[in-house]
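Please look over the sequence and the structure shown here before reading on.

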Amino acid sequence: GLGIASVVAFVIWRLTAKGTPWHVYLTVWVSWTMALSLVALVPVDLHIVYLKRCINHYEDIGKPELIPRRCPMQEWRSVGDVDKDIILQRWENALKVMWLTVYTVCQFNGWILLTFQSSYVESRHF
């Protein structure tokens, strides 16, 4: 998240014209950061889904002597000897908050903020 926000800020700083109002900087920064955050969240979410499926699959096998009862996939950023279920639950909760935040900000930006800003620009009162 911080890396994406930093790269977006650098690109905006390098590509904008002098005299650009600060609200344009802010709006573009939020828009680009949220759009790129969507792209960054998808692989993390997919990894957690497949990890959860793998763990459930190996727990449901009835003959543990034939197949090991441990999922071969590794957790992403695991912390020491903490239980896998706790780590998985924390990541799921964090992802729910991240998805909700990105989705809500994108909806607000697209339907409310940019609508008002386009009306402001079309009115030529700036």
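Predicted model: local features only at pLDDT ≥ 70, side-chain atom pairs only at ≥ 80, totals over all residues.

## Overall make-up

The protein contains three helices and zero strands, and when the elements are read from the N terminus on, their order is α-α-α. Among the contacts in the protein with a separation of 6 or more, 59% are made by residues 24 or more positions apart.

## Surface and interior

Of the 126 residues of the protein, 21% count as buried. The protein exposes about 9700 Å², and 66% of this area is supplied by carbon and sulfur atoms.

## Glutamate 92

Glutamate 92 is a residue of helix H3, which covers residues 84-123. Its relative accessible area is 17%, and because buried means under 20%, glutamate 92 counts as buried. When its neighbours within four places in sequence are left aside, glutamate 92 is in contact with Ile48 and Lys52.

## The aromatic pair

The structure holds one aromatic pair. This pair is formed by phenylalanine 10 and tryptophan 13, whose rings lie 6.0 Å apart from centre to centre, with an angle of 45° between the planes, so that the pair is classed as tilted.

Phenylalanine 10 and tryptophan 13 both belong to helix H1 (residues 2-15), and because they are three residues apart there, about one helical turn separates them. Tryptophan 13 has a relative accessible area of 60% and is therefore exposed, since exposed means over 50%.

Terms used
Residues numbered from 1 in each chain as written. Heavy atoms only, no water. Helix = DSSP H or I, 4+ residues; strand = E, 2+ residues; numbered from the N terminus. Buried < 20%, exposed > 50% of the residue type's maximum accessible area, 1.4 Å probe, protein only. Contact = heavy atoms within 4.5 Å. Areas by Shrake-Rupley, 256 points an atom, 1.4 Å probe, with all protein chains shown as cover. Phe/Tyr/Trp six-rings, centres within 6.5 Å; stacked < 30°, edge-to-face > 60°.
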